[in-house]
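Colleague: Could you take me through one part of this model in detail, namely the aromatic ring pairs and what lies around them? I'd like the cut-offs as you go.

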Amino acid sequence: MKRIKKIVIIGLLGLFAPLLRAEMDIEITEGIESALPIAIVPFAQQGPAPISISSVVSNDLGHSGYFKPMSEQYMPARPTSPEAIQFEQWKSVGQNYIVIGQAIPAGNQYNVQFQLFDVNNGSQLLGYRMTSSAQDLRRTAHHISDLIFEKLIGKKGVFSGRIAYITSSGQGASATHRLQVADADGFNPQTIAASSEPLMSPSWSPDGRKMAYVSFERKTAAIYVQTLATGQRVKVAEFPGINGAPSWSPDGGKLALTLSKDGSPDIYVLNLINNSLTKITNSTAIDTEPAWSPDGSTIVFTSDRGGKPQLYRVSSQGGSEKRITFSGSYNARASFSPDGKNIAMVHGNGNDYRIAVLDVASGTINVLTGGPTDESPSFAPNGDLILYASQRGSGGYLAAVSLDGKMQQKLVFDSNAVREPAWSP
């Protein structure tokens, strides 16, 4: 109960720690023991290129925890064509796979090609050609990482994705709060919105083109929907009291919201086409943090109606609510996996808050992180990783954990605080 009140109070008063955000590094704090040895040979590039594609791919795969890329300094050769690969040579230095490629300028474009080989039998596993502008070479490199990851691990990669998060700097009258979007590896951070008043609760539209968020720029809470490409934004909710926790419906036509315009905070659904508002819950408790199921049929939300914050499920059309969490004194901030089979949440006991996953079918809870201040889980689009925020001392950081808990990353920003991450669709 204390923690759910804290969420609301922070939302209303904006008591955030100071920070400054630019870029981040990724530390693997717990990896897969059987990480695959792979050699990403520097791509052949004519003339100066904006980036080293092989370095981006190597970093992506290495940071995933599933791969152990070979350092360039220990590579026995630098082949750039299949004919130049001596597989026995790479086998002798313990490599399972080798990637070669080229990035050749052609006018205003680059012709990029790469090939992935199994070192043990010399067979080609992947081979692609693609064109890229100079400014999109990093995105192209991430796409290559996604292709290699899916081929060898059997799961979709998320290196081409983006993450949104909130940062703040300064205090009092000098405070600046920013909603930022960056590549999944922390590069290319872009400020989507900035304000001297708090910003919070970023939520991606299903097509990744828009962002809903809460702004206190007018001293009271309001919910905006902003088009990322143009910066154009529309205020969709500014009712008396709380306007918070926007969550997009899977079809992108509605937002689930927390509003207190009628008294206690309840869950509402706002139709973005005709601006009609439907009240989904109606209780004297605090109902907040709605999350749509992937099929759009139900909404899971946090409520303290039972005395302590727990997750409840209700039809997206409204109706009777059903409690779905019973283990632990605190379960909140639901995030559905893309297949709807799991719900990531904050699971708390006493003052210890960790990221856990609820198996929807069995009701079993699997605790993934060590706490004690983990919060704001967000599933990656491949359903295999969960991004969340945590805190050590006065600083905040982002981290990611795999669905089975075996791989954990710490995303280290050059600032000392960052919060409320949201992974793009």
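Modeller: Here is a walk through the ring pairs, then the core and the cavity.

First, the ground rules: this is a predicted model, where local features need pLDDT of at least 70 and side-chain atom pairs count only at pLDDT 80 or more, while totals for chains, interfaces and linings use all residues. Residues are numbered from 1 along each chain as its sequence is written, and side-chain values use heavy atoms, with hydrogens and water left out.

Searching the whole structure turns up eight aromatic pairs. Rings of Phe, Tyr and Trp (its six-membered ring) pair if their centres lie within 6.5 Å; planes under 30 degrees apart are stacked, over 60 edge-to-face, and the rest tilted. Take Phe114 and Tyr128: their pair is stacked, at 5.9 Å centre to centre with 10 degrees between the planes. It links distant parts of the chain, with Phe114 in strand β6 (residues 109-118) and Tyr128 in strand β7 (residues 124-133), 14 residues apart. Helices (H or I, at least four residues) and strands (E, at least two) are DSSP runs, numbered from the N terminus. Phe114 is buried at 1% relative accessible area, whereas Tyr128 is partly exposed at 36%. Buried here means under 20% relative accessible area, exposed over 50%, and partly exposed in between (1.4 Å probe, protein chains only).

Now for Phe149 and Phe159. Their ring centres are 5.7 Å apart and their planes sit at 80 degrees, so this pair is edge-to-face. Phe149 belongs to helix α4 (residues 137-153) and Phe159 to the loop between α4 and β8 (162-169), so the pair ties together parts 10 residues apart in sequence. Both Phe149 and Phe159 are buried. Ring pairs also join Tyr66, Phe67, Phe149 and Phe159 into a cluster.

Phe114 comes up again in the largest nonpolar core, which has 28 residues; Ile38, Ile53, Leu61, Phe114, Ile144 and Ile148 touch the most other members. A nonpolar core is a set of buried Ala, Val, Leu, Ile, Met, Phe, Trp, Tyr and Cys residues joined through side-chain atoms within 4.5 Å. The elements that each supply at least two residues of this core are β2 (36-40), α2, β5 (97-106), β6, β7 and α4. Helix α4 gives the largest share, seven residues.

At least two lining residues each come from α2 (53-64), α4, β28 (385-392) and β30 (408-413), with α2 giving the largest share, four residues. The lining of the largest cavity divides into 13 nonpolar, seven polar and three charged residues.

Terms used: Nonpolar A, V, L, I, M, F, W, Y, C, P; charged D, E, K, R; others polar.
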